[in-house]
Amino acid sequence: MEAGQSGRVYLVGAGPGAADLLTLRAARLLARADIVFHDALVQPDVLALAPQARLVAVGKRSGRLSTAQQFINKQLVDAARQYGCVVRLKGGDPMLFGRAQEEIDALRQAGIALEIVPGISAAFGASAEVGQSMTRRGMSRSVLFLTPAVGKGEVPHAWADATKDVDTLVLYMAGRQARDIADGLIAAGIPAHRPAMLVENASLPHQRMWPTTVGGLPDAAAQLAEGPALILVGEVYAECLPQALALPRLRHAAA
Ligand code: SAH
């Protein structure tokens, strides 16, 4: 790199986990990256698509040792001054619950060229595995992506208030607080018997899913291992419940 010049930073979505759920654009960038900064959730076989690159883990898994966001911002700016092609790889889609804006702002402020490459968000990866559409004619016209998680120093928010008028809910970063989530939803007026799905490690070989209800979420979540987990809530998941699976046609035959 010539003095005074900067490379380009690509904020790239790594998808829900499976390496072949990356976009072609992401794979091509990984193949020519000089350095890749990646989250803890990014799988080894995704990183294997960048064998020539220097790999830097900047993982932020809740409850574990993490790299402070400001430090990540600085590392990206420094890398752009040193390398031509800098990839910042984030799980799912970078623009959803990925702290992308902090990095975008820092790079813009430093005058670094930036491109964003979308990825398959966990909601879409999980929906594909569940096999149930988040929307459905006559039943669900709205989907809310929500996280009850707040960053350090942020005031807790009344997240459950936002859930009242939506048909299908997708809760990110929620698996380990399932009891609070269930209590919050029920207090917001959502019936405890509303169908729900808990999906862990969507798209990965060790994926697991639990069909349940809002009231059953804490028991289902007690079975979670260490993987990332998503909670889906809505009438569209009624067909996933064990009684519906036993009698798949009954519900609609009666309607
Ligand atoms: N930007 C990411 C979300 C980052 S927040 C995206 O678009 O998917 C991290 C949360 O995403 C996790 O706590 C979990 O709720 C969810 N998640 C990510 N990968 C997942 C997977 N393979 N299966 C289930 N949930 C996942």
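Let's start at Ala113, which lies in strand β5, residues 113–117. Ala113 is partly exposed, with a relative accessible area of 31%. The cut-offs: buried is under 20% relative accessible area, exposed is over 50%, and partly exposed is in between, with a 1.4 Å probe and protein chains only. Ala113 touches Gly7, Arg8 and Val9, leaving out residues up to four places away in sequence. Contact means heavy atoms within 4.5 Å. Ser6 is 107 residues from Ala113 in sequence, yet their C-alpha atoms are 7.8 Å apart in space.

A word on the source. This is a predicted model, where local features need pLDDT of at least 70 and side-chain atom pairs count only at pLDDT 80 or more, while totals for chains, interfaces and linings use all residues. Residues are numbered from 1 along each chain as its sequence is written, and side-chain values use heavy atoms, with hydrogens and water left out.

Now the whole chain. How many helices and strands does the chain have? Nine helices and 10 strands. Of the 255 residues, 47% are buried. Take the contacts between residues at least 6 apart in sequence: 67% of them join residues at least 24 apart.

Ala26 sits in α1, residues 24–32. Its relative accessible area is 0%, so Ala26 is buried. Setting aside neighbours within four places in sequence, Ala26 is in contact with Val12, Gly13 and Val117. Ala26 and Gly15 are 11 residues apart along the chain, with 9.8 Å between their C-alpha atoms.

On to a helix pair. Two packed helices are described by the angle between their axes and the distance between the axes. Helix α3 covers residues 69–82 and helix α4 covers residues 100–109; their axes come within 9 Å and cross at roughly 45 degrees. That makes α3 oblique to α4. The axes are lines fitted to C-alpha atoms, for helices over the stretch in contact, and angles run from 0 to 180 degrees between N-to-C directions. Under 35 degrees counts as roughly parallel, over 145 as roughly antiparallel, 65 to 115 as roughly perpendicular, and the rest as oblique. α3 passes α4 in a right-handed crossing.

Look at Asn73, found in α3. Is Asn73 buried or exposed? Buried, because its relative accessibility is 13%. Asn73 touches Glu102, Glu103 and Ala106, not counting residues up to four places away in sequence.

Phe97 lies in the loop between β4, residues 85–90, and α4. Phe97 is not a glycine, although it has a positive phi of about 50 degrees. Phe97 is partly exposed, at 34% relative accessible area. Apart from residues up to four places away in sequence, Phe97 touches Phe145, Leu146, Thr147, Tyr172 and Met173. Phe97 and Phe145 are 48 residues apart in sequence and 9.3 Å apart in space, C-alpha to C-alpha.

Arg99 is in the loop between β4 and α4. Its phi is near 55 degrees, a positive value in a residue other than glycine. Arg99 is partly exposed, at 35% relative accessibility.

Then helix α5, residues 122–130. Its buried residues are Ala123, Gly125, Ala126, Ser127 and Val130. What covers them includes β6 (143–146), β7 (168–171), β8 (195–200), β9 (208–213) and β10 (229–233). Just after α5, Gly131 takes a positive phi of about 80 degrees.

Last, the cysteines. Cys85 is buried at 4% relative accessible area, and Cys240 is buried at 8%. A disulfide is a pair of cysteine sulfur atoms within 2.5 Å. By that rule, the count is zero disulfides.

Notes:
Helices (H or I, at least four residues) and strands (E, at least two) are DSSP runs, numbered from the N terminus. A crossing is left-handed if the near helix is turned anticlockwise from the far one by less than a right angle, and right-handed if clockwise.
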